[in-house]
Amino acid sequence: MPVYAVTGASGHVGRYAVQQLVARGVPASDIVAVVRTRSKAAGLAAVGVQVRGADYLRPETLSAALASVDRVLLVSSSQVGQLVAQHTNVITAAKAAGVSRILYTSMLNANDSTSPLAGEHRDTERVLRAAGIAVTALRNGYYTEVYTDPLGRYLSDGEILGASGDGRLSAATRQDYATAAAAALLQDEGGNRTYELGGPAFDPSELARLISDVSGTKVTHHDLRPEQYARALQQSGLDEATARFVAALDTHRTGDDCGWRGYIRSTGAVTVKGK
Ligand SMILES: NC(=O)c1ccc[n+]([C@@H]2O[C@H](COP(=O)([O-])OP(=O)(O)OC[C@H]3O[C@@H](n4cnc5c(N)ncnc54)[C@H](OP(=O)(O)O)[C@@H]3O)[C@@H](O)[C@H]2O)c1
């Protein structure tokens, strides 16, 4: 049986992916949960998953964590600006360990997205392809939780502010993306693969209408110019650089249509367009 490693396994997507592997019949002892913070992985250790500590910033810890591993799910780092350097450390360690395939949680339409986050994902994919290990790029769309976590604020403010115009986004839950990742990890496929992943597309006005209908509280979407949105974010407490960054995230475009569209073939909860 192959040995599977999942990095970021103390986080949402990584933990769900490990749980999915177990649910799909992989013996827990054949799963390596690579975590920076061991105390957050006690639940995984309790079911027999091998928990190994490693930090993307410390190559020696990664070599030890990936010893005897066949396939790796590399969950992207959360430290924006440092992604390529950190991921390169993981890829180098995986290569040295003889890993046969790396799956990487990239970004939807990473090739042509104008998102300020896309460059680091594109560059990581380039490093992966140059490493000579088979690569599966899991290009995840936004998390549904990005839009459900602020629900309380939407309801108390009575509005959703944004700058995405009529751009549509294809969100799916973290659990759905993790399910797709686990399925891809278990696939015996050759060569490099790219999957564009997302759920059914919606725009913020539709979101506001849905919240209003379900809650009975009127919530309205206000579309602002990017600089207005950045100012509003600053007024709500973000520093200027973060506010501009978030506004730029909202206005990014991808593909040849105006929004975050995609996502053709359904494989259950997540829709998948394979290339
Ligand atoms: N598609 C989207 O909408 C969206 C939104 C937000 C983020 N993301 C990306 O998706 C990734 C996974 O999402 P998530 O919800 O699972 O994030 P999460 O819950 O924050 O988990 C991130 C994981 O990465 C680990 N990590 C961070 N820096 C590390 C380092 N230097 N060395 C080793 N491990 C490190 C964290 O370890 P600790 O537990 O020790 O902190 C944690 O396990 C994020 O990291 C980010 O790149 C996507």
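Serine 115 sits in the loop that links strand S5 (101–107) to helix H5 (118–130). Helices here are DSSP runs of H or I with at least four residues, strands are E runs of at least two, and both are numbered from the N terminus. The model is predicted, so local features need pLDDT of at least 70 and side-chain atom pairs count only at pLDDT 80 or more, while totals for chains, interfaces and linings use all residues. Residues are numbered from 1 along each chain as its sequence is written, and side-chain values use heavy atoms, with hydrogens and water left out.

Is serine 115 buried or exposed? Serine 115 is buried, because its relative accessible area is 4%. Buried means under 20% relative accessible area, exposed means over 50%, and partly exposed lies in between (1.4 Å probe, protein chains only). Leave aside neighbours within four places in sequence, and serine 115 is in contact with Met107, Leu249 and His252. Contact means heavy atoms within 4.5 Å.

Now turn to another serine. Serine 10 lies in the loop between strand S1 (4–7) and helix H1 (12–23). Serine 10 is buried too, with a relative accessible area of 16%. Not counting residues up to four places away in sequence, serine 10 touches Arg15, Val35, Thr37 and Lys40.

Of the 22 residues around the ligand, Ser10, His12, Thr37, Ser76 and Ser77 come nearest. A residue counts as near if one of its heavy atoms lies within 4 Å. By class, this shell has 7 nonpolar, 11 polar and 4 charged residues. Ala, Val, Leu, Ile, Met, Phe, Trp, Tyr, Cys and Pro count as nonpolar, Asp, Glu, Lys and Arg as charged, and the others, Gly among them, as polar.

Which atoms pair up with the ligand? A side-chain N or O atom of arginine 36 is 2.8 Å from a ligand oxygen. A backbone N or O atom of tyrosine 56 lies 2.8 Å from a ligand nitrogen. A polar backbone atom of serine 78 is 3.3 Å from a ligand oxygen. Taken alone, the ligand exposes 900 Å², and the protein buries 80% of that. Accessible areas come from the Shrake-Rupley method with a 1.4 Å probe; for residues, only the protein chains shown count as cover.

Finally, step back to the whole chain. The protein chain has 11 helices and 11 strands. Buried residues make up 47% of its 275 residues. The C-alpha atoms fill a box of roughly 55 × 35 × 35 Å, taken along the principal axes.

Terms used. A polar contact is a pair of N or O atoms within 3.5 Å; within protein, one must be able to donate a hydrogen and the other to accept it, and residues adjacent in sequence count only if both atoms are side-chain atoms.
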